[in-house]
Amino acid sequence: QTFWNDKHNYTVDENLEILWANETAAESVKKTPEEIIGKRCYELWADPEKICENCPTVKAFQTKKSEHTIMHTPDGRIWDEVGEPVFDSEGNVLGVVEIAQDITELKKVEESLKKSEKKYRDLVDLLPTGMFEIDESGILLFANRAFLTMFGCDKSDLNSNFDIFQLIAPEDREMAKSNSIKV
């Protein structure tokens, strides 16, 4: 039940007129479900003059299968949308249920995290101490400039098969492995 209640859901016919809508969909345009019945979806959530480019609902009518996309609306919101066709007993598409979730805040957080990660990488890259990161399987994820200089490497030398511990003296490998950052 939570799945349907926290997502923006409505059903449209092939003219993209809304046949049914849940409270969440209606609230997103400050209306009741009854007030949006009969309206075209793009008139409420996008450009009132034209059908959305890359619309999963339009694609679902055409392909007769589930379609998914990320949509950006003129008001700056970002939506994760799925168009699910609904069939009659003969296999004809009666309508499409659009299931959408406003992911605007999530995308802002992701962008902020990317910027923060870049700042972190830039700072670590400038440290005079050699640093590197490996994952659980020992694959090198990152090595800063000091590390590369210390071992006479270049970023192009690094790849998923690069055994970073071969650069370290055999007697120091266990210590390096136990002190390495695992992500």
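A residue is buried under 20% relative accessible area, exposed over 50%, and partly exposed in between. The model is predicted.

**Exercise 1.** Classify R121 and E133 by accessibility, and describe the contact between their side chains.

*Solution.* 
1. R121 has a relative accessible area of 21%, so this residue is partly exposed.
2. E133 has a relative accessibility of 7% and therefore counts as buried.
3. The two residues form a salt bridge, with the closest N and O atoms 2.6 Å apart.
4. This pair links distant parts of the chain, since E133 lies in strand β6 and R121 in helix α6, twelve residues apart.
5. Salt bridges with shared partners join E117, R121 and E133 into one network.
6. R121 also has a ring contact: its charged end sits over the ring of F142, 4.3 Å from the ring centre.

**Exercise 2.** Determine whether the aromatic pair of Y10 and W45 is stacked or edge-to-face.

*Solution.* 
1. The ring centres of Y10 and W45 are 4.8 Å apart, with 5° between the planes.
2. Planes under 30 degrees apart count as stacked, and the pair of Y10 and W45 is therefore stacked.
3. Y10 belongs to strand β1 and W45 to helix α4, 35 residues apart.
4. Both Y10 and W45 are buried.

**Exercise 3.** Locate K107 and E110, and state how their side chains meet.

*Solution.* 
1. Both residues lie in helix α6 (residues 104-126), three residues apart, about one turn of the helix.
2. K107 and E110 form a salt bridge, with 3.3 Å between the closest N and O atoms.
3. K107, at 32% relative accessibility, counts as partly exposed.
4. E110 is partly exposed at 35%.

Key
Residues numbered from 1 in each chain as written. Predicted model: local features only at pLDDT ≥ 70, side-chain atom pairs only at ≥ 80, totals over all residues. Heavy atoms only, no water. Phe/Tyr/Trp six-rings, centres within 6.5 Å; stacked < 30°, edge-to-face > 60°. Helix = DSSP H or I, 4+ residues; strand = E, 2+ residues; numbered from the N terminus. Buried < 20%, exposed > 50% of the residue type's maximum accessible area, 1.4 Å probe, protein only. Lys NZ or Arg CZ within 6 Å of the ring centre and 35° of its normal. Salt bridge = Lys/Arg side-chain N within 4 Å of Asp/Glu carboxyl O.
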